[in-house]
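Visitor: I'd like a quick tour of what sits inside this protein. Could you walk me through the core and then the disulfides?

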Amino acid sequence: MSSIKNILVVSDIKMGILNTGLVIKFFKIIIFIIFIFSNSIAFAAVSSFVDNKVVHPNDGGIGQNSPTGVSFNPNGTRMYVTGTSGNRIMQYTLTTPFDISTSTLLEGSICNFSAVANDGLNINFNSDGTKVFLTDTSSGVEDIEIFSLTTAYDVSTCVSEGNKDLGITELRDIEFSNDGYKLFIFDKGGNGGNHSILQYSLLSPFDLSNPTLVKEYIGPNGDIKDNIQKFAQGLKFSSDGSKMFITGGGATSTSTKGGVYEFTLASPFDLRGTVTYEGEYSSAAQILELAGLTFSADGLKMFLVDFTDDEDSPRAVYEYDLTCGFGVVKCIDPTKNKDDVASIEAQSEATKKLIQHNTYPVLNRMEWLRRNSERVNLTNQNIKFQFNNAMLNSLSDTFIPLYFSNDSNDKSNYQNSSWSFWSEGTISIGNTGNTNQSSSKSIDTSAITLGADKKGKDNIMRGIALRFGADDVDVGDLGSALDMSSFSLTFYESKPKGEQRFTDNLIGMSFINSDLINNSGSVSTEGDRYGEQLYGSLSLRDTFSKDQLNFTPKLKINYGITHLGAFTETGAAGLNLKYDDQYIGNFTSALGTSLDNTYDFKNGSFIPYFDFEYYADMSPSSKQKFSYASNDESFTLENINNSTHNFISGIGFDFISENGLNLMTKYTRDQAKNNKNDSFIIALDYRTSHRSSYAMSIEDTSTKLSHNKELNGFKINLDSHYDFFKDDQDYGVNLKISNKF
C-alpha cells in the first residue's frame, strides 16, 4: 500500500511548477519506488492465507480461551494447541496432513497438566515423540514442565516427570536442535526486559539436567524489543537450523498487531556466529494479537495462533501457504547453507578424484612392470574377453584385437599371443574439514580394477583396464550424503624411450550414477544423478640405477571433462531443488620421484619402494545453477573447487614368488591444506600354466569373472558375478567340477 500511496502523491504533482530540481527529485522517487517494489517481489515468500481453525470452547465445548501455541507431529496427522487457560494440551486429528480444515478435536485425548502447571504457552517433542516439554509461565514460576508419553505423539498418555527452572525472568517458548544437544529459550524479560534468545548446550539429547548457557542473542542492534514491544511469544527454527523465527504482538513500523520476524544464521542452530535480520511478515490482516507459530515438515505451510482474549475474536489457528520451504520473508538461500554447498562440492570433488583413482592403478601397473621387467614372464597367461552384449561382443572381435596388435593389419599376432592378467583393489579413507562456506565431508572409496596387457614386438606394452568403484561421502552432521558408483574403461600403453626411460599414456571413459541425500534434520530430499566422463593421462619417467637401487623422477599430467546431468530432488516439496547440467573440467600436473631396492631370496624377491609427489590442481572452477522446484527462484554457486596444492607420499612393497604369485601393496597419504586422504592398495598378479585360463564377461551393467583349470582329468570352473549399478547388490560364486571327457 505504501508504494501505491507514493505513486498517487507523485501523480498529483502539478506540471506548472516543475523545475530541474523537481524533475531530478521525481525520478529519484520513481527509482526508489521501483527498488522497494522489486525487492518486495523478490523477497515476499508468503503466498496466501488459506484457512483458520477456531479453538476456543465453542468448538465442541472444549477448547482454549487464550491459545498461545500450536505444534504438529512429524507427518502432520495430529495437531496440538496450548494456551494460558484450561490447563490442557488439546489434541486434534487431521485426515489430510497439515490441512487444518480436516482437523477434528479429540475431546477425550488431552494432556491435563493442572496438577503441575497453570499457563502452558508452547510445547516441544523430543525426536521420537516419547517426551513433551511444556513452557509454564505461572505466577511467580517460569519453568519447563517435562512429561513422558507412553504412546509416541499421543499427549493423552502424558505422565509428569518434574520440571526444570533455569531462572528465566519471563519464559515464552523453547526449541531444540534436531539432535537434541542444544536448547533455545525465548525470554521476554531477558536483557533487562528487552527480550533475548538464550542458547544452551546439553550433555545428552533432550536432557535438561545440566544445561550450559553459551550465548544470549539480543538482536541485530543489541535490542530486539524495538520490534516486539507488547507481546513476545513464539520461537521456531527451520528444519535445517539455518533460519530462526520469533513472533511478537507489539507496534512495528509496518503493523500495529504484530508479525513474524525472520533471521538467518551463518551456522545451523548456532547463535554464536553471524545472525542476519531479514525482515518482518505482518499478520495484521487476519490476526488481532499474534502468539505462537510452527511450520509443516517441508516448510511450505506456516501456522500462526491468535491469542486475543476477546469473546468476539476467533481465537484460532491460521494456516498460510509459502512459496518455498520456510520462506516467510526470504527463501532459504542454498548457497549460504553449508550442507548444501558441501553436497555440491562433494559431487564435483568426487568426479575429479575419480580421474585420479582411474589413472593410479594403471600407472601403478606400468611402474610395477618396470620394477619387475626381468622377473616376470608377461606372456604366460591365457586371458580371453567374452562380451555377451552384442555391441560389446563386436568390440571384442574388432577393436580390441586391433588395439593389442603390433600391426593393425596382422591379426594373427593377437590370436597367437597371450595376455598378462592383473588386478588392484583400493580402499581409500579421507576427510575435508569445515570451512566458512561449507560443512565437513568424510569420504570412503572402495574399488577394484581388473586389467590385461601384453608386450608387442615393438616392445610397447598395451593394455586395457576396467574399474568398478564406489564412493560414500557423508556431509555435515545432519545426515546428508553422496553415494556414487562408477564404471570406467581405460586403454593404456607404455613406450620405452631408452633402456630406463618410458612414456606412459592412457585414455578412458567413465559412467557415473549418484544417489544424493540432502538431510535438513527433520526432513530430507533425495535425488538420482547420472554423468559421463572422459579422461587421459601422460607420464614421463626415467630411472637411474646403481646396483639394485633405483631412483626414478617422473612428471605426470592428468586431464578430463565430466558432465553431470540435470535432476530434481524429491521428498520435501518446499525444499526440493532443481539442478541444471554441470560441466567440470580437470587439469592437474604432478612432479615426483620414487626409490626402490631389490632383495633376492631363495623363493622370490622382495622390493620395497617409496614415492613422493607434488600435485597441483589447476582445474578451472565450475559452477552449479539450481532453483526451487516450488517457485523456480534460482541460485548459482560459483567458484566450485578452486585450485589446490597437494603432497602425496606412498610406501609399499612388491613380493615376487617363484610359484607365480606376485603381490604389490601400497599405503598413500594425500595431504592438502584443508583435507587429507589415506589409501591402501592391494594388487595381485598370478601366473599359471597353459592348463589354466581366466575369463571376464560383461553383459549390460553386470560383470562376470571365471577361472577354468584342468586337474588330474577333471575340469574345474569357478564363476563370480557382480552388478555394479544395482542398489541392492547381488554377489554370487558358482563352483563346477566335471570330467573333462
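**Core and disulfides**

Guide: Of the 43 residues in the largest nonpolar core, Val260, Phe295, Met302, Leu304 and Val328 touch the most other members. A nonpolar core here is a set of buried Ala, Val, Leu, Ile, Met, Phe, Trp, Tyr and Cys residues joined through side-chain atoms within 4.5 Å, where buried is under 20% relative accessible area, exposed over 50%, partly exposed in between (1.4 Å probe, protein chains only). This is a predicted model, where local features need pLDDT of at least 70, side-chain atom pairs count only at pLDDT 80 or more, and totals for chains, interfaces and linings use all residues. Residues are numbered from 1 along each chain as its sequence is written, and side-chain values use heavy atoms, leaving out hydrogens and water.

Visitor: Which handedness does the disulfide of Cys111 and Cys158 have?

Guide: A disulfide is a pair of cysteine sulfur atoms within 2.5 Å, and for Cys111 and Cys158 the sulfur atoms are 2.2 Å apart. Both cysteines, Cys111 and Cys158, are buried. The torsion about their S-S bond is about 100°, so the disulfide is right-handed.

Visitor: And which handedness does the disulfide of Cys324 and Cys331 have?

Guide: Here the sulfur atoms of Cys324 and Cys331 are 2.0 Å apart. The torsion about the S-S bond is about -105°, so this disulfide is left-handed.
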